[in-house]
Amino acid sequence: MITALPTGRRPVFVDGVRTPFGKAGPAGVYADVRADDLVVKAVRELLRRNPSLPPERIDDVAIAATTQIGDQGLTIGRTVGLLAGLPRSVPGYAIDRMCAGAMTAVTTACGGIALGAYDVVVAGGVEHMGRHPMGEGVDPNPRILAERLVDPSALVMGQTAENLHDRFPHLGKDRADAYAVASQAKFAAAYARNDIQPDLVPVAVRGSDGAWGLSSVDEPPRPGTSTADLAALETPFRPDGKVTAGNSAGLTDGASACLVAAEETARALGLPVRMRLVSYAYVGVEPEVMGVGPIPATEKALGKAGLTIDDIGLIEINEAFAVQVLAFLEHFGLADDDPRVNPFGGAIAVGHPLAASGIRLMNQLSRQFEARPDVRYGMTTMCIGIGMGTTVIWENPTAAGDDAA
Amino acid sequence: MSVDASFAEVVTHARTRDVMMPGGAGTLVLVTLDNGHDHKLPTTLGPAGLAELGATLDAVLARPEIAAVAVTGKPYVFCVGADLKGVAALQDVDDARAMGALGHAVFGRLRAASVPTFAFVNGAVMGGGLELALHCHSRTVSSGVAAVALPETFLGLVPGWGGATIVPQLLGAERAVQLIIENPLDNNRMLHGRQAYDLGLADAIFEPADFLEQSIAWAAGVVLGTTTVDRPEPDRGAAWTSAVARGRAVADARRHGAAPAPYRALELIEAARDRTPEEGFSAEVDVLADLMMGDEFRAGVYAFDLVQRRAKRPVGAPDQALARPVAKIGIVGAGLMAGQLALLLARRLLVPVVMSDLDQVRVEHGIGYVHAEVAKLEARSQVTPDLANRLRSLVTGVVDLAGFADADLVIEAVFEELAIKEQVFADLEKIVGPTCVLATNTSALSVTAMAAGLDHPERVVGLHFFNPVAVLPLVEIVRGERTDDPTLATAFEVGKRLRKSCILVQDAPAFVVNRLLTRFLGEAAAAVDAGTPIEVVDHALRSLGLPMGPFELLGLVGPAVALHVAETLHVAFPDRFTVSPVLTRLVEAGKRSVYVDGPGRQRVVDPEVAALQTAEGSGWTAHEVRARAVRALAEEIRLMLDEGVVADVRDIDLAMLLGAGWPFHLGGIAPYLDRTGTSEEVTGNRFLAPGVASVPAT
């Protein structure tokens with residue numbers, strides 16, 4: 001059923017880690033930590049966890065960041081390799097596709113693997129939204145407004161979420177808040193089961209008083225959040241709007257990194273194979289309702305794989321906004337509380353450091369695959385600013401009756 | 001505890017955070033030492049900081065639920081030891097004893113703790129900082145640490161907050177001698193993190209990129225028992241005695257018995273074999289109090305401050321903004337001094353350096369020297385092959401001065417004769433641009449006289465380097481009568497980029513270092529001319545703690561250069577500077593040095609040199625030799641200050657510390673002359689007020 005790749009080389013997800021996520025801003029745990037240092041810690045932990053990988057076998061380092069300025073600039077994939085102590089012979093580059101930066105780093109690397117250009121790649125992403133607020137240094141072309149290429153609201157993500165409520169008026173604030181409360185609860189339950197922590201890389205942080213401490217758990221989650229709590233929140237994007245800080249992902253600092261490889265290389269080096277890439281797709285949508293992006297992206301990726309939504313046993317969808325998840329669920333006829341969707345909770349609880357989030361979705365899906373040999377296919381999907389969506393479909397190597405293992 | 005009111009402690013705070021160790025190892029309380037400044041003001045421990053650390057540890061260790069305690073530092077610095085200014089402000093022996101005991105009381109809490117204690121040595125660690133770490137049950141060190149040391153004996157103290165006892169008991173006497181005696185007396189040599197780990201000072205080493213995270217994970221393993229700390233038991237047999245004997249030999253070779261600290265440290269190391277730690281600590285406090293109240297240590301702190309601070313901000317240097325850019329340098333001459341200068345200038349300034357001499361053979365010889373030195377640097381991996389290629393291409397030679405037309409700085413290093421140097425400058429002035437700085441490397445001649453006949457005398461300055469140029473850190477920058485500020489500023493800027501310490505001196509015969517050394521040598525030569533054996537003279541003067549006696553030094557400087565300086569000074573000051581017959585005969589005999597290798601690698605006076613000593617009589621006693629020499633120094637220093645050769649006696653001490661390698665425990669030389677009463681006896685006054693480089697009068 002898997003689409004034949006030209007070279008027959010199957011890209012696999014070997015292992016992924018991330019830093020604990022922190023709240024963006026001067027009071028956040030990473031306020032005084034550099035963005036590049038966050039990725040460096042993740043990359044080094046990845047290599048420590050996979051000692052059978054000789055570092056010189058890494059063919060490339062693809063690191064995503066949305067705002068490629070300062071400590072997120074300077075061809076961050078290359079500088080991270082040097083800072084992490086990789087051999088100088090290992091190259092690196094920078095990637096940007098806004099919220100899908102890490103996802104794009106992974107799929108681009110997988111493309112190179114399928115082609116035979118790469119055997120092993122480090123892919124990762126970082127966003128320090130405290131040091132680099134969204135929109136820092138942007139200079140939109142005046143034609144965008146003059147020629148009405150996009151609606152002005154398209155550049156403010158919260159407004160695109162409000163636009164989505166306009167398009168789907170029956171997806172009301174109550175449903176969005178209820179979804180958000182469930183996300184917090186699922187995330188807290190996953191923490192209690194220790195489902196999240198194994199893939200976290202602790203980061204030493206220095207407080208404003210000079211004291212060193214250790215960030216070892218996510219800072220944004222608010223376990224115990226109730227619908228009553230959320231009902232009281234302001235709607236900053238519109239008077240009498242529906243989008244609040246409670247039913248959307250907060251501004252977040254964090255980094256992630258993963259190893260992807262050709263399956264044959266992974267096996268030869270004794271590396272784990274936690275997910276097999278089946279297909280992926282990116283699509284563009286109307287920028288002012290960028291939240292619908294996952295819908296056509298999923299249709300496209302399913303089509304390439306020859307699968308239907310019914311074949312997908314687990315879905316990790318990025319929760320930029322609750323309404324955007326609800327629109328996706330409704331399109332595919334899934335209930336708001338479908339157990340296949342985000343079983344460990346999502347970005348509404350843990351946060352969304354733009355270009356780092358894609359690998360968090362993959363980490364969580366791969367952990368779920370381990371525990372669910374009954375599930376053969378899963379997917380990671382997200383909406384992307386300026387009107388895009390992406391979906392990656394993965395196969396579970398532990399799936400019962402897997403003839404390819 | 002009473003301390004001098006002028007001393008304000010930069011208090012190091014002990015900030016804590018609870019850290020959840022991985023693997024369910026429990027809570028580690030992480031204590032960060034931080035003085036609130038960046039790494040340029042490293043963390044030190046004074047009474048208030050120690051008290052805060054003690055109170056913090058008391059509070060932390062009283063918590064029953066914690067699993068471990070660890071101490072670390074701000075970025076790049078763990079802790080560089082006791083606050084020296086504070087220690088130097090202590091006024092009586094009870095205060096000194098209390099300071100020693102306070103360190104033990106505070107650090108002892110880490111040692112006695114019922115939970116495991118750790119030091120995560122993330123950055124520079126010296127003296128009391130290292131002792132703090134040694135009191136912890138185990139240690140990690142970052143491979144990025146550039147400075148690990150117990151420098152106490154270098155300054156005139158012993159590692160008296162546990163170091164002199166714990167280090168030998170942990171690592172054995174041999175390694176203790178290396179760390180406590182050998183390294184400090186070898187120009188205060190520092191270890192890197194890797195060397196410290198290899199020596200056994202740390203139990204684990206991690207890379208700087210995630211040092212703290214890995215240290216915490218390692219500590220968790222120790223707490224859980226999954227990681228064991230393996231330390232070999234030191235040899236407490238004959239090796240202990242022989243190590244201490246070796247340490248004594250090192251101290252003798254470096255200090256000639258003149259400074260008490262290394263010997264007191266050796267006593268502690270020796271006794272540590274059979275003492276309990278507590279007995280050792282108590283002995284340390286006694287020794288520490290003794291030494292803190294000794295003038296050798298006070299002179300050491302004074303000298304340390306000169307070298308660390310005054311040397312970096314030369315007194316009297318004009319505004320650096322006045323310095324002119326230097327993009328090309330000419331050197332007149334291609335001899336040994338010229339070659340050394342060319343290499344150093346090319347290596348540090350990375351600009352073209354052109355050497356000139358009278359003919360092609362001489363020029364090629366000079367270039368050949370530079371190329372050979374570059375090859376040595378390359379072979380020792382001190383420069384990369386690419387940089388070696390670059391240096392070789394930067395240094396070129398010419399046989400006429402026309403190649404200097406676009407130079408921004410020309411240094412002459414030709415024969416030491418005023419007429420020749422005047423001619424060189426006159427010729428240069430016809431070729432170089434109007435703002436090109438003309439510098440002379442003369443060791444004794446008048447810069448003002450050299451400039452007198454020029455159209456632009458204001459651009460002439462003295463840049464007096466010391467041989468070997470690459471090694472000795474001092475440059476005397478000589479202001480002639482007409483030298484202007486931009487010229488002087490350029491000279492200071494070049495000196496700084498050469499990583500030299502510069503002092504400003506006025507244009508007086510032989511400036512500072514050579515004048516004092518020549519006066520000193522003059523007294524030594526007079527003793528020999530009176531019939532005192534050369535060995536007796538050298539031994540008598542070396543016993544001050546000098547790196548070498550005056551006749552040993554003669555071999556390094558070269559008798560001909562020494563004679564030239566002596567003759568110049570004799571002309572200037574005939575009543576105090578004589579031209580010694582023995583020195584003249586030495587040069588006439590073509591001798592390059594006084595000593596030769598004798599049996600068993602002993603250096604003995606060359607019999608041919610001994611034969612040049614024709615004086616009748618038994619000569620002087622060692623005591624007389626020493627007394628006359630130090631009296632001469634006191635007299636000469638007072639005259640130099642009266643003449644205004646330097647602004648302050650501190651610059652004379654700094655020059656002797658850096659240019660002649662005179663030791664810290666003499667404070668250069670003025671503190672020694674003050675404390676022996678020589679300066680008052682000879683000149684009627686001290687050079688420095690009591691307390692500046694000595695124990696303050698109470």
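Tutor: Before we start, two strands pair if DSSP finds at least two bridges between them. Also keep in mind that this model is predicted.

Student: Which strands are at the edges of the open sheet of eight strands in chain B?

Tutor: Read along the order S12-S11-S10-S13-S14-S15-S16-S17, where the pairing is mixed. From one strand to the next, the twist averages 25°. The edge strands each pair on one side only, and they are S12 (395-398) and S17 (501-506) of chain B.

Student: And the open sheet of three strands: why is one side of S4 and of S8 in chain B left without a neighbour?

Tutor: That sheet runs S4-S6-S8 in chain B, with parallel pairing. S4 (77-79) and S8 (148-149) stand at its edges, so one side of each lacks a neighbour because each has a single partner strand.

Student: Which residue in S6(B) is opposite B:Val77?

Tutor: S4(B) and S6 (residues 124-126) of chain B pair in the parallel sense over two bridges. Opposite B:Val77 you'll find B:Ala124.

Student: How far apart are the centres of domain 1 and domain 4 of chain B?

Tutor: Chain B is divided into four parts, with domain 1 covering 1-147 + 191-226 and domain 4 covering 513-644. Taken over C-alpha atoms, their centres are separated by 50 Å.

Student: Last one: which element gives the most to the side of chain B that touches chain A?

Tutor: Here 19 residues of chain B are in contact with 16 residues of chain A. By class, the chain B side has seven nonpolar, five polar and seven charged residues. The elements giving two or more residues are S1 (13-21), S2 (26-34) and helix H9 (211-224) of chain B. With six residues, the one that gives the most is S1(B).

Notes: Residues are numbered from 1 along each chain as its sequence is written. Chains are lettered from A and ligands numbered from 1 in the order in which they are written. This is a predicted model: local features need pLDDT of at least 70, side-chain atom pairs count only at pLDDT 80 or more; totals for chains, interfaces and linings use all residues. Helices (H or I, at least four residues) and strands (E, at least two) are DSSP runs, numbered from the N terminus. Axes are lines fitted to C-alpha atoms, for helices over the stretch in contact, and angles run from 0 to 180 degrees between N-to-C directions. Domain bounds come from an automatic or database domain assignment. Two residues are in contact if their C-beta atoms, placed from the backbone, lie within 7 Å. Ala, Val, Leu, Ile, Met, Phe, Trp, Tyr, Cys and Pro count as nonpolar, Asp, Glu, Lys and Arg as charged, and the others, Gly among them, as polar.
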